Amino acid sequence: MQAKWEVFYDKFIVYDGWQTVVDGLIATLQIAVSGLLIGIVLGTLIAAVKVVPKTNFVAKFLSVICDIYVGFFRGTPIVVQLLIGYFVLFPALGVQLKALNAAIAIFGMNSGAYISEIMRSGIQSVDGGQLEAARAVGLSFSVSMVKVVIPQAIKNILPTLGNEFIVLIKETSVASFITVVDLTKAFKDIASSNYEYIIPYLMLALVYLVLVIIITLGIKLLERRLAVVDRSR
Amino acid sequence: MIEVVNLKKVYGKLTVLDNISEKINAGEKVAIIGPSGSGKSTFLRCLNCLEDPTAGSIFFEGKDLADLSVNINLSRRHIGMVFQQFNLFNNKSVLDNIAMAPILVAKEERRKALRHNFAVSVSNIFSKKKKAKCAVRKKDDIKKEAYDNAMRLLKRIGLEEKAKNYPSTLSGGQKQRIAIVRALAMNPKVMLFDEPTSALDPEMVGEVLDLIKQVADEGMTMVIVTHEMGFAREVADRVLFMDKGQIIEQGSPDELFNHPKHPRLVEFLSKVL
């Protein structure tokens with residue numbers, strides 16, 4: 001074991017392996033955070049399309065498009081989506097993206113599909129009277145949604161949304177399929193450089209674990225902050 | 001003020017409102033009574049198109065609200081509504097509940113004025129006849145005025161110390177009184193009350209009815225759906241009795257309560273009085 005530690009120490013400190021790991025960590029966080037933000041925006045838009053009463057052709061058409069979108073992203077593995085996106089779709093569209101940005105876009109679209117369903121259930125969990133009251137004072141549907149319904153929906157779905165963020169962080173470990181150097185890839189490089197796997201991979205697990213614990217705590221704090229409307233002063 | 005012409009509302013096969021025509025005059029206080037399922041709440045909710053009528057017209061200030069090309073939001077700003085379940089915005093403090101809509105509406109008008117002024121300044125470049133620009137209010141002024149007005153309304157109902165609280169911490173009576181002043185904050189021309197006391201503890205009914213009475217005494221036009229017969233008798237100028245989607249009898253409270261003619265109304269009153 002002593003020897004294994006020395007090998008790891010050599011690679012990690014002496015040969016600047018930590019630099020790659022830090023870069024990988026930053027890449028992982030970039031993908032997860034940006035992906036989540038894109039996902040929230042996309043998911044909210046899709047959920048809005050789904051909850052609008054389908055009275056005319058445009059609403060029905062958009063709804064079908066959203067169904068197809070959600071169906072595709074929930075029905076295929078993220079690795080496949082990454083491969084198709086990076087090697088097929090983006091080149092075919094003539095979009096030149098760095099691997100990292102492509103990963104952000106695809107993880108964003110992927111989590112958008114999941115968050116749309118979370119958001120829809122959140123919007124539907126808000127009492128219908130809230131929207132009615134906002135409409136009754138003369139606010140438009142979209143303003144009523146943005147000012148009254150969606151803030152309450154987000155409060156209701158915060159635990160689920162946190163869960164989605166955690167899943168997203170862990171899923172980014174497959175980003176190296178499209179040549180992104182993320183946390184997993186960084187440790188993998190350290191391990192395969194001298195065929196000593198135990199310590200790098202346990203370290204890798206530990207880093208993910210710590211990340212997830214920090215996020216869990218953050219969400220708890222946020223929940224408590226938002227629960228202020230349920231408390232008396 | 002509001003004129004309803006041949007209003008019809010159908011859910012699937014169930015006809016909830018059957019060809020109602022009715023007129024509500026300015027300054028009038030109209031109470032609607034009737035058994036549950038008679039369509040009185042639906043009728044009230046059709047007046048500001050919270051329920052879309054299946055057929056017929058609702059004229060308010062010369063505009064047909066049932067016509068989809070009419071901007072319903074502009075009309076609704078002049079029609080206050082109070083709900084049975086209060087429906088205060090749970091994510092807003094009491095003060096924001098009252099001030100939010102006036103602020104948003106004033107900001108929208110401000111944006112409209114800015115757009116108008118921009119168009120005027122462009123056209124002034126090309127034409128010799130200079131058009132005047134319209135005044136644009138400052139954002140701070142809008143907010144200050146709305147919050148001052150909200151505070152004034154809260155003082156009026158004696159709840160100014162609750163301004164920063166959230167609705168979940170208030171009693172039913174307090175919530176409903178705030179819901180009423182929230183509607184008043186928009187300076188409506190008509191107020192619609194949908195069973196305003198039905199979800200309240202008996203103890204709190206009085207304070208809400210007192211406030212409604214005050215508003216009535218100030219000359220507000222009102223339509224009230226209610227089960228409080230005593231209140232209807234006291235406040236209303238005219239009482240409508242609805243059953244099975246139709247107004248089957250109407251008249252002054254004295255006529256209706258003391259000399260009912262229609263057998264269905266006689267039966268109804270014998271049960272509730």
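**Tour of chain B and its contact with chain A**

Select R45(B) and E132(A): their side chains form a salt bridge, 2.6 Å from N to O. The model is a predicted one. The salt bridge count between chain B and chain A is one. Polar contacts between the two chains come to eight residue pairs, with both residues at pLDDT 80 or more.

The area buried between the chains is about 2000 Å², and carbon and sulfur atoms give 57% of it. On the chain B side, pick F89(B), N91(B) and Y166(B), the residues that lose the most area to chain A; together they make up 23% of what that side buries.

Leave the contact and select the strands of chain B in the order β2-β1-β4-β5, an open sheet of four strands with antiparallel pairing. Its edges are β2 (14-24) and β5 (63-64); each has a single partner strand, so one side of each is left without a neighbour in the sheet.

Finish at strand β1 (residues 2-11) of chain B, which pairs with β2(B) in the antiparallel sense over seven bridges. To see a bridge, select V10(B) and its partner in β2(B), T15(B).

Conventions
Residues are numbered from 1 along each chain as its sequence is written. Chains are lettered from A and ligands numbered from 1 in the order in which they are written. This is a predicted model: local features need pLDDT of at least 70, side-chain atom pairs count only at pLDDT 80 or more; totals for chains, interfaces and linings use all residues. Side-chain values use heavy atoms; hydrogens and water are left out. Two strands pair if DSSP finds at least two bridges between them. Helices (H or I, at least four residues) and strands (E, at least two) are DSSP runs, numbered from the N terminus. Buried area is the accessible area (1.4 Å probe) that two parts lose on being put together, summed over both. A salt bridge is a side-chain nitrogen of Lys or Arg within 4 Å of a carboxyl oxygen of Asp or Glu. A polar contact is a pair of N or O atoms within 3.5 Å; within protein, one must be able to donate a hydrogen and the other to accept it, and residues adjacent in sequence count only if both atoms are side-chain atoms.
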